[in-house]
Amino acid sequence: MLAAISEATAPSTQLVVLTGLLAAGLALIHLFAGRLRFIRSTPRHHWLSIGSGVSVAYVFVHILPDLSKAQTTVQEHLDAEIAFLEHHVYLIALLGLAVFYGLERAAKVSRQRNQDSGNGDVTSPNVFWLHIASFGAYNVLIGYLLLHREVPGFINLLLFAIAMALHFVVNDYGLREHHKKRYDHSGRWILAAAVIAGWAISAGTELSQAAIAVLFAFLAGGIVLNVLKEELPEDRDSHFWAFAAGAVGYAALLLAL
């Protein structure tokens, strides 16, 4: 689990290459997801709800159970000045959720202001770049965690990559809805490059056990918010049974392996 990561163990060349290929695959999702018909369909296609369910299942079955164990890891590595986190790893997950809630709220307010002023149903340039910078950092984190995950092994790598791939499809849908042509013109390219950058950083560096725990906690909070913001609003026309099928099916797979 999270506490079982060995800081001294360097990734093998084969693992670096494999995770690099997976990072490239995740980057391609941002570049080409817009060409998938179901991404742009109205009402919202049930495959997006399935992808959301898979992402949430990965968080609740695979990441969050490890965070309680990670508290011991964090306690052993943090300086006294921030030792309060030793019993509050979940605060990092809450921070991740709050950050992406704030980003979503900023995008909605910006779109509404532009609509009211007759400038179209799109965000302002400032909010667009705020979103892209934030989701770029989010993608760097995911790219990094491809190589340095909480649980080693090919199966766990594949499970993480599948969950993140479907999560990227959902994120791509939401970002394109907010930012329209700006996202297609430049945003998707930046986010694709961010995944590769995260993987490149991971190939040359390895963070401590405590840092990995904190990164996974933040990722968990971000995934939960980014999924629920797409599933809960009535105007999303989401599909409960598709979401439930994705969540239950992937949870069963995670528990079985």
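This is a predicted model: local features need pLDDT of at least 70, side-chain atom pairs count only at pLDDT 80 or more; totals for chains, interfaces and linings use all residues.
Let me begin at leucine 257, which is exposed, with a relative accessible area of 60%, where exposed means over 50%, buried under 20% and partly exposed in between, for a 1.4 Å probe and protein chains only. Residues are numbered from 1 along each chain as its sequence is written, and side-chain values use heavy atoms, with hydrogens and water left out.

Leucine 257 sits in the segment after α9 (240-256), helices being DSSP runs of H or I with at least four residues, and strands runs of E with at least two, numbered from the N terminus. Together with Phe154, Ile155, Leu158, Ile162 and Leu253, Leu257 forms a nonpolar patch on the surface, with about 530 Å² of accessible area in total. Four residues of that patch come from helix α6 (residues 154-179), which gives the most.

Turning to the whole chain, we have nine helices and zero strands. Of its 257 residues, 49% count as buried. Among contacts (heavy atoms within 4.5 Å) between residues at least 6 apart in sequence, 83% join residues at least 24 apart.

Now to helix α8 (residues 209-231), whose 23 residues should span 33 Å at 1.5 Å a residue, in agreement with its end C-alpha atoms, which are 33 Å apart; the expected span is 1.5 Å times one less than the number of residues. Because 18 of its 23 residues are buried, α8 is largely enclosed by the rest of the structure.

In helix α7 (residues 181-204) I would point out serine 186, which counts as buried at 18% relative accessibility. If we leave aside neighbours within four places in sequence, serine 186 is in contact with Phe128 and Trp129.

Finally, the aromatic rings: those of Phe, Tyr and Trp (its six-membered ring) pair if their centres lie within 6.5 Å, and planes under 30 degrees apart count as stacked, over 60 as edge-to-face and the rest as tilted. By this rule the count is eight aromatic pairs. One of them, between tyrosine 58 and phenylalanine 160, is tilted, at 5.8 Å centre to centre and 50° between the planes. This pair links distant parts of the chain, with tyrosine 58 in helix α3 (residues 46-77) and phenylalanine 160 in helix α6, 102 residues apart. Both tyrosine 58 and phenylalanine 160 are buried. Elsewhere in the list, Phe100, Phe135, Tyr138 and Phe218 form one aromatic cluster.

Terms used. Patches are made of residues with over 30% relative accessible area and no salt bridge: like charges are joined within 9 Å, nonpolar side chains (Val, Leu, Ile, Met, Phe, Trp, Tyr) within 5 Å. Accessible areas come from the Shrake-Rupley method with a 1.4 Å probe; for residues, only the protein chains shown count as cover. A salt bridge is a side-chain nitrogen of Lys or Arg within 4 Å of a carboxyl oxygen of Asp or Glu.
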